[in-house]
Amino acid sequence: MAGAGSAPVPPGGAPGTPPVPSVPPRPLDPIDRSIMRLLQADGRASIRSVAEQVHVSRANAYARINRLIDDGVIRGFTARVNHERAGQGASAYITLKIVQNSWRTVREKLRELPGAAHIALVSGDFDVLLLVHTPDNRTLRELVLTRLQSIPEVLSTRTLLVFEETDLLDTGPGPSGPPALTEE
């Protein structure tokens, strides 16, 4: 079940996962929400650890996690990266105004950008919010001035440099060991 990757998420879920069903989602109870919080903090947590922390049997925890995956609530498991330590020391949110009805075209072009981490269609004074991580400000400048502004459907951009980030899911150094959701 555990996996990592930086590939774009296809419609319906993470790479290798079944498409999100078109039926309405089942309601989540407090145990489901606790399991989600635990797995967000440590996607490598073992079934045993999850079961102990939410006070259910391992079989129950395993069944609940599989249901959350099958229902498309959990889309996959990934690593949270410290971009600065990974050589991506410059981060920015970039707002874009785009030509009306060009979202799908623009989204596909943005997915191809090196360092693109998150793309959102939003409401308000701009249309798209893009998060990028680059090695330095010079690379960021080239990405904005050369790559983004050469997309015909992009009418304007505004770049907001990120000076500091706080990962709200970060609970400190994660455990080392095999990728989990194992029985032990």
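**Close-up A. Helices H1 and H2 cross in a right-handed manner.** Such a crossing is called right-handed if the near helix is turned clockwise from the far one by less than a right angle, and left-handed if anticlockwise. Welcome to a predicted model, in which local features need pLDDT of at least 70 and side-chain atom pairs count only at pLDDT 80 or more, while totals for chains, interfaces and linings use all residues. Residues are numbered from 1 along each chain as its sequence is written, and side-chain values use heavy atoms, with hydrogens and water left out. Helices (H or I, at least four residues) and strands (E, at least two) are DSSP runs, numbered from the N terminus. H1 covers residues 30-41 and H2 covers residues 47-54; their axes come within 10 Å and cross at roughly 135°. This angle makes H1 oblique to H2. Angles under 35 degrees count as roughly parallel, over 145 as roughly antiparallel, 65 to 115 as roughly perpendicular, and the rest as oblique. The axes are lines fitted to C-alpha atoms, for helices over the stretch in contact, and the angles run from 0 to 180 degrees between N-to-C directions. Look for Ile31, Ser34, Ile35, Leu38 and Leu39 on the H1 side, where they meet Val50, Gln53 and Val54 of H2. Contact here means heavy atoms within 4.5 Å. Sorted by class, this contact of H1 with H2 has six nonpolar, two polar and no charged residues. Nonpolar stands for Ala, Val, Leu, Ile, Met, Phe, Trp, Tyr, Cys and Pro, charged for Asp, Glu, Lys and Arg, and polar for the others, Gly among them.

**Close-up B. H1 also packs against H3, at an angle of about 80°.** The two axes lie 11 Å apart. H1 is therefore roughly perpendicular to H3. From H1, the contact takes in Ile31, Asp32, Ile35, Met36 and Leu39, and from H3 it takes in Arg64, Ile65, Arg67 and Leu68. The classes in the contact of H1 with H3 are six nonpolar, no polar and three charged residues.

**Close-up C. H2 meets H3 with a crossing of roughly 105°.** The axes of H2 and H3 come within 8 Å, and the two helices are roughly perpendicular to each other. On the H2 side you will find Ile47, Arg48, Val50 and Ala51, and on the H3 side Arg58, Ala61, Tyr62 and Ile65. The contact of H2 with H3 divides into six nonpolar, no polar and two charged residues.

**Close-up D. Asp29 and Arg64 join their side chains in a salt bridge.** A salt bridge is a side-chain nitrogen of Lys or Arg within 4 Å of a carboxyl oxygen of Asp or Glu. For Asp29 and Arg64, the distance from N to O is 3.0 Å. Asp29 sits in the segment before H1 and Arg64 in helix H3 (residues 58-70), so the pair links distant parts of the chain, 35 residues apart. With a relative accessible area of 14%, Arg64 is buried, whereas Asp29 is partly exposed at 27%. Buried means under 20% relative accessible area, exposed over 50%, and partly exposed in between (1.4 Å probe, protein chains only). Both residues belong to a network of salt bridges that links Arg26, Asp29, Asp32, Arg64, Arg67 and Asp71. By the rule above, the count of salt bridges comes to nine.

**Close-up E. Lys109 pairs with Glu153 in another salt bridge.** Here the distance from N to O is 3.1 Å. The pair ties together parts that are 44 residues apart in sequence, because Lys109 lies in helix H4 (residues 103-111) and Glu153 in the loop between helix H5 (137-147) and strand E4 (154-162). Lys109 is partly exposed at 30% relative accessibility, and Glu153 is buried at 17%.

**Close-up F. Ile74 is a buried residue in a loop.** Its loop runs between H3 and strand E1 (90-98), and its relative accessibility is 10%. Ile74 touches Leu39, Leu68 and Ile69, not counting residues up to four places away in sequence. The C-alpha atoms of Ile74 and Leu39 are separated by 9.3 Å, and these residues are 35 residues apart along the chain.

**Close-up G. Thr95 takes its place in strand E1.** Thr95 is buried, with a relative accessible area of 8%. Leaving aside neighbours within four places in sequence, Thr95 is in contact with Phe126, Val128, Leu129, Ser156, Thr157, Arg158 and Leu160.
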